[in-house]
Amino acid sequence: MPKIYLSKIYMPNLRVSRTTAARLTAGALCLALAPGVLAAAPARADASPALADASQGLANASRDRADASLTWGACRDKALKEAGAQCARVTVPLDYADPAGRTIQIAISRIRAEGPRRGILLSNPGGPGGTGLAFTLGLRATLKGVADRYDLIGFDPRFLGESTPISCGPPPARPATPARTTPRADFEATLRASRETARRCLEHGGNRELLPHASTRNVARDMDAIRAALGERTLSFFGVSYGADLGAVFTQLFPGSVDRMVIDSSSDPGATQYELFQQSGAPLEAALDDWARWAAARHGRFGLGRTGTQVRAVVQRVIGRAEYRPPSVGGVRLDAGTLRLLLRQLVQHREQDSALAEVVRDLAAGPRAEPGPSLKAMVRLLRSDELARSLHGAVLYMCGDAGWPAGGWPEEPGAYWRNMTGSRAAQPVFGPLVNGMIAPCAYWGAERPEPVTVIRNRVPVLMLQAASDNLAGARVLHRRLAGSRLVTAEIRAHGVYGRGAEGGTPVPCADRAVNAYLAGGRLPSRDFTCPGA
């Protein structure tokens, strides 16, 4: 059966790994959680030095207790156990502005260095909403000998995974997708479900006290508290996607705590999350055209058309039909939004060209055709419990951040509909998807006590970015991180480092650049580009 990439992580046989759902989260949010309208556009403001200093002082004060204050034991995760990892919990303030107040716990894992030790390497798999306790396991194969120089530290961000959780209570049963619908009817159904999601999250248990503290800035503060609890002066970090943006936030709040920082697949720090979704529309359409030319050259195999234009026309017919008569696959009726999401997840990665062609062929064949393994596997993922848990985590941070990297949404429902409708001419396949990415944030009701983090510093950072993956936005961040170097990979993908370890096409020169930096601490002398396969 074909191997499938889902957003960033390579999935042999589409097994749902602990990071897959996080990578699918942003795209699936409006579909699987049926979100609503989103929060007010953020006010731009600089990072808050007072809170950064407060948490830095708290972390430094706890350094003396360091590792001895932690109770290490066996990890619950089977893979971590097999790797010889130990797990513990770090106690941190719920509110860093009130360090003597209520506390929560952050679950961490550690795989000790086996050679001459450099320090600690934390990581984050993205999302937002991704748990990271075992994420470092996936990095070891690409890090090779460099892994032996670091204690590899995984952690579940606050309110996720094995850290102190936030629960929104059991969701109501989702209504079945009707056999006949319209784009407007689907949109209205999304708004209704979004309002219900926000209500459940706000009213469940003690969430009114917890929700204001679900923010990227607080995750960065928790990272620094982990550093101090381990008795370290600095930390190194690898983050991908949202994890890359989290790394950038950390450099702004805690520049003195950074040892070696690697961020992979970052975004424009001047845009809100909704604007980032919108920016992805044109690159996705370009990727679809690239794939369509590839499929046309293999008409004998897939039968989708002899030219790129013909292949694209097949895709648009499939989507157009689903907007009024959603097809049923494996007993699940897939509306047009879901189909757009599936296409988005596949078209982002050149390795998935064959899988995408099989999915389109199956959908174009009509209701009597038996769906192939690629389409069945995608549907299984959309129905998975892990994806549902990750989507729950995404909502916390998308609605908790005031703006970049995870938040910032129009308040008025009509804005989404107008943008969806206006995008159809230039972006007929993906425009309605990326302009209709709505989350429950407009109905959230929880305060957002902090401003957006404005990135502007000279901390040394190694940045990686695929040429197809909003490179313009990454270059904005590159300029804001004046001490950074940017390695561009000429690939159609989301995520550059370590692709080969999960069965994807590796980018050897990017892997070498990261390993050389983590091993020796010297950034490349200049920006450069790695060729694709």
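# Close-up views of a predicted model

**View 1. Surroundings of Arg312.** Leaving out neighbours within four places in sequence, Arg312 touches Glu285, Leu288, Asp289, Ala292, Pro428 and Val429, where contact means heavy atoms within 4.5 Å. Arg312 belongs to helix α12 (residues 308-322). Helices (H or I, at least four residues) and strands (E, at least two) are DSSP runs, numbered from the N terminus. Arg312 counts as buried because its relative accessibility is 14%. Buried means under 20% relative accessible area, exposed over 50%, and partly exposed in between (1.4 Å probe, protein chains only).

The model is predicted: local features need pLDDT of at least 70, side-chain atom pairs count only at pLDDT 80 or more, and totals for chains, interfaces and linings use all residues. Residues are numbered from 1 along each chain as its sequence is written, and side-chain values use heavy atoms, with hydrogens and water left out.

**View 2. The whole protein, for orientation.** The protein has 20 helices and 14 strands. Of its 533 residues, 60% count as buried. Among contacts between residues at least 6 apart in sequence, 75% join residues at least 24 apart.

View 3. Strand β12 (residues 461-466) is largely enclosed by the rest of the structure, because six of its six residues are buried. Val461, Met463 and Gln465 point one way from β12, while Leu462, Leu464 and Ala466 point the other way, and all are buried. Two strands pair if DSSP finds at least two bridges between them. One partner of β12 is strand β9 (residues 258-264), paired in the parallel sense over three bridges. In this pairing, Ile263 stands opposite Met463 of β12. Strand β13 (residues 484-489) also runs parallel to β12, joined to β12 by six bridges. Here Val461 is opposite Ser484 of β13. Between β12 and β13 the chain passes through helix α19 (residues 471-480), and this β-α-β crossover is right-handed. A crossover is right-handed if, with the strands pointing away from the viewer, the path from the first strand over the helix to the second runs clockwise.

**View 4. Packing of helices α13 and α15.** The axes of helix α13 (residues 336-347) and helix α15 (residues 373-382) come within 11 Å and cross at roughly 110°. α13 is therefore roughly perpendicular to α15. Axes are lines fitted to C-alpha atoms, for helices over the stretch in contact, and angles run from 0 to 180 degrees between N-to-C directions. Angles under 35 degrees count as roughly parallel, over 145 as roughly antiparallel, 65 to 115 as roughly perpendicular and the rest as oblique. The crossing of α13 and α15 is right-handed. A crossing is left-handed if the near helix is turned anticlockwise from the far one by less than a right angle, and right-handed if clockwise. On the α13 side the contact is made by Thr338, Leu341, Leu342, Gln345 and Leu346, and on the α15 side by Leu375, Met378 and Leu382.

**View 5. Packing of helices α5 and α17.** Helix α5 (residues 183-203) packs against helix α17 (residues 413-423) at an angle of about 150°, with the axes 12 Å apart. The two helices are therefore roughly antiparallel to each other. Their crossing is right-handed. Pro183, Arg184, Phe187 and Leu191 of α5 make the contact with Pro413, Tyr416, Trp417 and Met420 of α17.

**View 6. Backbone exceptions in loops.** Most residues other than glycine have a negative phi, and most peptide bonds are trans. The peptide bond from Gly127 to Pro128 is cis, with omega near 0°; Pro128 is in the loop between β6 (119-124) and α4 (135-143). Trp404 and Pro405 are also joined by a cis peptide bond, with omega about 10°, and Pro405 lies in the loop between α16 (385-400) and α17. Lys144 is not a glycine but has a positive phi of about 55°. Lys144 is in the loop between α4 and β7 (150-155) and counts as exposed at 60% relative accessibility. Phe159, also not a glycine, has a positive phi of about 75°. Phe159 lies in the loop between β7 and α5 and is buried, with a relative accessible area of 2%.

**View 7. Ala426 and Ala282.** Ala426 is in the loop between α17 and α18 (431-435). Ala426 is exposed, with a relative accessible area of 66%. Ala426 and Ala282 are 144 residues apart in sequence, and 8.2 Å apart in space from C-alpha to C-alpha.
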